[in-house]
Amino acid sequence: MTETNRQYLLKSRPAGMVGAEHFEFTESPAPAPGEGELLVRNLFISLDPAMRGWLNEGKSYVPPVGIGEVMRAMSVARVVASNHPKFAEGDVVSGIFGVQDYAVSDGKGVVKVDPNLAPLPRYLGTLGMPGMTAYFGLLDIGKPEAGQTVVVSGATGAVGQVVGQVAKIKGCRVVGIAGGPEKCRHAVDSLGYDACIDYKSEDVKKALRTHCPDGVDVYFDNVGGEILDAVLTRLAMHARIVICGAISQYNSTAVEGPKNYMSLLVNRASMTGMVVFDYAKRYGEAVNDLATWLGNGDMVSQEHVIDGLDQFPDALLKLFSGENFGKLVLKVAD
């Protein structure tokens, strides 16, 4: 019996907020692997803010998703058939397999994962791309030193939760910025932040003066916009800003750049963008450290799992409304 492959294809490019109308749901027979290929059954699909950027036409760090193509996404999957020498039926793997039930791959970029070492959604979060992003962005670009003040926006998200905890492990004072009292409580009580600013109810500039009296040494930016502008007013001398993302701007038709950038000059500070794929050869280094910290209790990891491939369009929107709590993952199959 041939299995059915449900897919979400890109129907049109959004101008502004992405929605269900920009995707087409289709069903077709599951494909078969050719010579040197493997067929995987998706189990969990990663939902990430970067997906919004992949829908835009124009030059970026990866080509945009084409109209009519399966929506790009990282996944954890099980190999169901293989003509590839490095993968066998039953292997659990991660890779870019798209928003669908089944995918054929030539094995490039596919890595085996061990379901006995960690829950599978964690390989899409703390032990996946978000964790790699947090680890290298903070340590290689932010270069925090013990006793310094690190500020993290999107403090309880997939990347932010890892940044904050690694900064604490490195001996820093860590201040988060998140939306709502529940997320701020989680940042302090569960993730170990020294303080957390609720941007929905607090004056961020005023709160930064309170919680960062000596200025901000490292700012890990996941949101851009007004919050980036606020942090720029509190930089310490020789501060480092890591530009990881700008979720506040992804659905905007008129992206706003920083208004207070002269603070970089005054404070001899730097602002550096980072793309996690640049560190691919060093992923093992990050996984070893993160797995050790998780294993000995120095870190915790939270995943927000939504059940059902058909929930994809609505689940994706949770990233931009701030409804997700931790790493957002779509469960496709057991």
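Modeller: In helix α2, the buried residues are Pro 130, Gly 131, Met 132, Thr 133, Ala 134, Tyr 135, Phe 136, Gly 137, Leu 138, Leu 139, Ile 141 and Gly 142. The model is predicted: local features require pLDDT of at least 70 and side-chain atom pairs count only at pLDDT 80 or more, whereas totals for chains, interfaces and linings use all residues. Residues are numbered from 1 along each chain as its sequence is written, and side-chain values use heavy atoms, with hydrogens and water left out.

Biologist: Why is α2 called largely enclosed by the rest of the structure?

Modeller: A residue is buried under 20% relative accessible area, exposed over 50% and partly exposed in between (1.4 Å probe, protein chains only). In α2, 12 of the 14 residues are buried, so the helix is described as largely enclosed. Helices (H or I, at least four residues) and strands (E, at least two) are DSSP runs, numbered from the N terminus.

Biologist: Which residues of α2 and α8 meet, and how do they divide into nonpolar, polar and charged?

Modeller: From α2, Met 129, Gly 131, Met 132, Tyr 135 and Phe 136 meet Tyr 283, Glu 285, Ala 286, Val 287, Asp 289, Leu 290 and Trp 293 of α8. Of the residues in this contact of α2 with α8, nine are nonpolar, one is polar and two are charged. Contact means heavy atoms within 4.5 Å. Ala, Val, Leu, Ile, Met, Phe, Trp, Tyr, Cys and Pro count as nonpolar, Asp, Glu, Lys and Arg as charged, and the others, Gly among them, as polar.

Biologist: What makes helix α3 mostly covered?

Modeller: Eight of the 10 residues of α3 (residues 160–169) are buried, namely Gly 160, Gln 161, Val 162, Val 163, Gly 164, Gln 165, Val 166 and Ala 167. The elements covering them include α2, β8 (149–153), β9 (173–178), β11 (216–221), α8 and β15. Helix α6 (residues 225–232) is likewise mostly covered, with seven of its eight residues buried.

Biologist: What makes Arg 268 exposed or buried?

Modeller: Arg 268 has a relative accessible area of 54% and is therefore exposed. It is placed in the loop between α7 (262–266) and β13 (270–273), and its phi is also positive, near 50°.

Biologist: How do you know whether Val 242 is buried or exposed?

Modeller: Val 242, found in strand β12, has a relative accessible area of 0%, so it is buried. Leaving out residues up to four places away in sequence, Val 242 touches Gly 137, Ile 141, Gly 142, Tyr 219, Phe 220, Asp 221, Thr 272 and Met 274.

Biologist: Why do Val 332 and Lys 331 fall on the sides of the buried cut-off that they do?

Modeller: Val 332, in the segment after β15 (327–331), is at 10% relative accessibility and so counts as buried. Lys 331, in strand β15, has a relative accessible area of 22% and is therefore partly exposed. Apart from neighbours within four places in sequence, the contacts of Val 332 are Arg 6, Arg 41, Asn 42, Leu 43, Ile 45, Asp 101 and Leu 309.

Biologist: How much area do domain 1 and domain 2 bury between them?

Modeller: Domain 1 (4–125 + 302–331) and domain 2 (129–277) are the two divisions of the protein, with bounds from an automatic or database domain assignment. They bury about 1,500 Å² between them, 62% of it on carbon and sulfur atoms. Buried area is the accessible area (1.4 Å probe) that two parts lose on being put together, summed over both. Taken over C-alpha atoms, the centres of domain 1 and domain 2 are separated by 28 Å, and the contact takes 22 residues from domain 1 and 17 residues from domain 2.
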